[in-house]
Amino acid sequence: MINRNDREDIPTQNTARDNASVMRKIYGSPFPVILGPMAGVTDLAFRLLCREQGCDAVVTEMISAKALWYGNKNTIPLLETDEREAPVGVQIFGSEPELMGQMAHKIEDRGFAFIDINMGCPVPKIVNNQEGSALMKNPALAGRIVREIKNAVSHPVTVKFRLGFDEEHKNAVDFAKVMENSGADAIVVHGRTREQYYSGRADWMAIRKVKEAVSIPVIANGDVFSGADAVAIRKQTGCDGIMAARGSKGNPWLFREIKAALAGEPLPERPTAQERIAMLLRHAKLCVEYKGEYTGIREMRKHAAWYTAGMHGSSRLRQEVNQVTTLRELEELLSRAPV
C-alpha cells in the first residue's frame, strides 16, 4: 500500500511516463534542468555558457508583445539565438490575447523550441499594465491568452506564474487548472507570491499542491542555489523538471552541480578563483561578440560583481571593472587580479 505521507511518489506511473515524453519533446530531456528567464541577465552569451555547463534548456529574457508589434529596436536583439544553445524558448509578455497570438506566430520560426508566457513578473511597471503577475488576478483573461497563442503557433506553449498575487489571494492551484484547460503544454511555478518578490523562502509544498491538481508537467522554480536544493525540490514537489535562475548569476557551474546531484554522482569541485576569472573573461568576449564593445563591456560590469563575489580583493576589482571601456582594458585588468 502506498503511504500518502511519503511525498516522493505522487504521479501514477502512466502520468509520469507521459510527462517525461512531453518534457523530452519540449526541453530535450525527460527531467529537464532549465535556465530561467531573467531580464538583463539571460542574454545569448550567458545562455551559451549555461548550456555548456549542463543546462538542458534555456529561455530568453522576457519580450514585450507590444514592443514586437511596434518593431522596437531594443527588442529585436533579444530574439537572437545560436544553434549551440538549442533548445531555447522565447518568453513573451502582454495582456492582449489577439496581439499575443499574432506576435507569437510572428517570431516562432526564429530558432525557438517553445513559447513561454510570462504571468509571474512582479515589477511594478509590468504589473501596472495588467501584465506579468497581474494576470493571476484575472484567470479568465490569462486563459484567453494561452488559447490564442496555442491556436497561432505550432510550437509547445508553456506558462510561468507564481503562487498568487499576495498572501490573501494564493490561487496557484485554480490558476494552473485554467492554464491546463486552456491548452498549456507545461507550467512553471515559482514558489512565491507577487508581493513577496524574491524575499523569504519559496514555498515548495505549495508547488506540490499544484502538481497534484493537474496532469500536465509542472516545473518547480524558486530557491534552487545548489545541487542539494535541486534534489530537495524534486523530492518535496514531485515536479517534472527544475528551473534555476538567480542561483546561476556569476555561477553557470550551478547546472553541472545540479545534474550531478540529481544523478547521484559526486559533486564537481567548486570553481577556483582562477576559473571564475577565466569564465568572466570568456563571458565578456561573447558579450562583446554579440553586442559590440561599447554595450558588451558595460553590461559585463554587473556580471563581474557576481563572478567575483567573495574573492580576495573583489571590492576593489569591481570598482576597477566599472571603469574599463574596452575588452583589452578588461583583459589587462583581470590578468592582474589577485587570485
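Predicted model: local features only at pLDDT ≥ 70, side-chain atom pairs only at ≥ 80, totals over all residues.
Residues are numbered from 1 along each chain as its sequence is written, and side-chain values rest on heavy atoms, with hydrogens and water left out.

In soluble globular proteins, nonpolar side chains tend to be buried together. A nonpolar core is defined here as a set of buried Ala, Val, Leu, Ile, Met, Phe, Trp, Tyr and Cys residues joined through side-chain atoms within 4.5 Å. Buried denotes a relative accessible area under 20%, exposed one over 50%, and partly exposed a value in between (1.4 Å probe, protein chains only). The largest such core comprises 88 residues, and those with the most contacts inside it are Ile117, Met119, Ile149, Val159, Phe161, Met179 and Ile187. Helix α11 (residues 273–291) supplies the largest share of this core, eight residues; helices (H or I, at least four residues) and strands (E, at least two) are DSSP runs, numbered from the N terminus. A second, separate core holds eleven residues, including Tyr27, Ala57, Ala186 and Met243. Contact is taken as heavy atoms within 4.5 Å. When residues up to four places away in sequence are not counted, Met179 touches Met119, Ala142, Gly143, Val146, Val159, Phe161, Ala184 and Ile187.

Cys55 is located in the loop between α2 (44–52) and β2 (57–59). Cys55 is buried, with a relative accessible area of 1%. With residues up to four places away in sequence again set aside, its contacts are Val33, Ile34, Leu35, Cys50 and Phe255. Cys55 and Pro252 are 197 residues apart in sequence, yet 8.7 Å apart in space, C-alpha to C-alpha.

Helix α11 also packs against helix α12 (residues 293–307): their axes come within 8 Å and cross at roughly 155°. Axes are lines fitted to C-alpha atoms, for helices over the stretch in contact, and angles run from 0 to 180 degrees between N-to-C directions. The two helices α11 and α12 are therefore roughly antiparallel, a term applied to angles over 145 degrees. Among the residues making the contact are Met279, Leu280 and His283 of α11 and Ile297, Met300 and His303 of α12.

Side chains of opposite charge can pair when their charged atoms come close. A salt bridge is counted where a side-chain nitrogen of Lys or Arg lies within 4 Å of a carboxyl oxygen of Asp or Glu, and by this rule there are 19. Asp223 and Arg201 form one of them, with the closest N and O atoms 3.5 Å apart. Asp223 lies in the loop between β8 (218–221) and α9 (227–237) and Arg201 in the loop between β7 (186–190) and α8 (204–213), so the pair ties together parts that are 22 residues apart in sequence. Asp223 is buried at 5% relative accessible area, whereas Arg201 is exposed at 55%. Both belong to a network of salt bridges that links Arg192, Arg201, Asp223 and Arg246.

Glu195 and Arg194 also meet through their side chains in a salt bridge (2.9 Å, N to O). Glu195 is partly exposed, at 42%, while Arg194 counts as buried at 10% relative accessibility. Within helix α13 (residues 314–321), Glu320 and Arg316 lie four residues apart, about one turn of the helix, and form a salt bridge whose closest N and O atoms are 3.5 Å apart.

Conventions: Parallel < 35°, antiparallel > 145°, perpendicular 65-115°, else oblique.
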